[in-house]
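Here's a quick briefing for anyone opening this structure for the first time. Have a look at the model, then read through the points below.

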Amino acid sequence: SVKAGHKWHDLDADGVWDEGEPPLEGWTIQAWQGETLVASTTTATDGSYSFSLEPGSYTIREVCGEGWLQSAPAPTDGCGSGVYDVTLGSGQIEPDNDFGNYQLASGSGSKFHDLDADGVWDEGEPGLENWTIRVTGTDGMGNAVDVSTTTDANGDYSVQLTPGTYTMAEECPVNGWMQSLPTPTNGCGSGVYDVTLTSGQVADGYDFGNYEMGMETGHKWHDLDADGVWEAGEPPLEGWTIQAWQGETLVASTTTAADGSYSFSLEPGSYTIRE
């Protein structure tokens, strides 16, 4: 009787030998009867293997290399735990007992304090520690994935994932942080990375830049003696318009309060403040 199959690198970890996925050569395949190893062989250049066995019942299993996982015959995190239990009759040929394997992928990046809010990690801008990065999506076997990690003292993070399609997002505190990368937006956390990871892929550069708004404040008063100094007895001026400009663009406008005060919450940058 002949028992045969193939072993391949399942790049998308879906348990199907898709076009373009390469065979795996030199892997050990074994035939067991109970606790007895009956035969052992290695896969050929095209990933194929075969046994010539006496009629009987056998368990066919793979011997796994370090860091490999299994997608076929049984999707499992335990490489080698999926087997074929077969009963062979005289002269029987049983092909297509295939083994699919993959490695975990990794997605990584950094989170930094974008002091000038330009979306670029400039020299001197520090990493942001203990921010949560959340990864959601679906792996190649159709399982929902929802995992998270936190940035280290340098702002770096990394997460290992089964090959699949994912969204990588930051989780923002409630104390007024904004986002400059991956998309400049006033909505911190709304800019994400949509990624597809394959077996063994090391994908880097999924960075998040964040900043806080700056505050510009002042007062307006009636300078009774026109000396440029706000002296006791000189009243504030309420209801006057104060504007913030960048070049020829009006960025913000407000009016003075009863005590003459005004304030702007502005993105980091250069401004002209005028009445």
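T132 has T150 of β12 as its bridge partner. That pair belongs to strands β11 and β12, which run antiparallel and share 7 bridges. Keep in mind that this is a predicted model.

**Strand β11 and its partners**
- Strand β11 covers residues 132-139, and its pairing with β12 is antiparallel.
- The hairpin made by β11 and β12 has 4 residues between the strands, and G142 in this hairpin takes a positive phi near 85°.
- β11 also pairs with strand β14 (residues 164-171), again antiparallel, this time through 8 bridges.
- One spot to look for in that pairing is T136, whose bridge partner in β14 is T167.

**The sheet as a whole**
- Put together, 4 strands make an open, antiparallel sheet, and the order is β12-β11-β14-β16.

**Over at K220**
- You'll find K220 in the loop that links β19 (214-219) and β20 (241-246).
- Is K220 buried or exposed? K220 counts as buried because its relative accessible area is 9%, which is under the 20% cut-off.
- Apart from neighbours within four places in sequence, K220 is in contact with P236, L237, W240, I242, T256, G260 and E275.

How values were computed
Residues numbered from 1 in each chain as written. Predicted model: local features only at pLDDT ≥ 70, side-chain atom pairs only at ≥ 80, totals over all residues. Heavy atoms only, no water. Helix = DSSP H or I, 4+ residues; strand = E, 2+ residues; numbered from the N terminus. Buried < 20%, exposed > 50% of the residue type's maximum accessible area, 1.4 Å probe, protein only. Contact = heavy atoms within 4.5 Å. Pairing = 2+ DSSP bridges.
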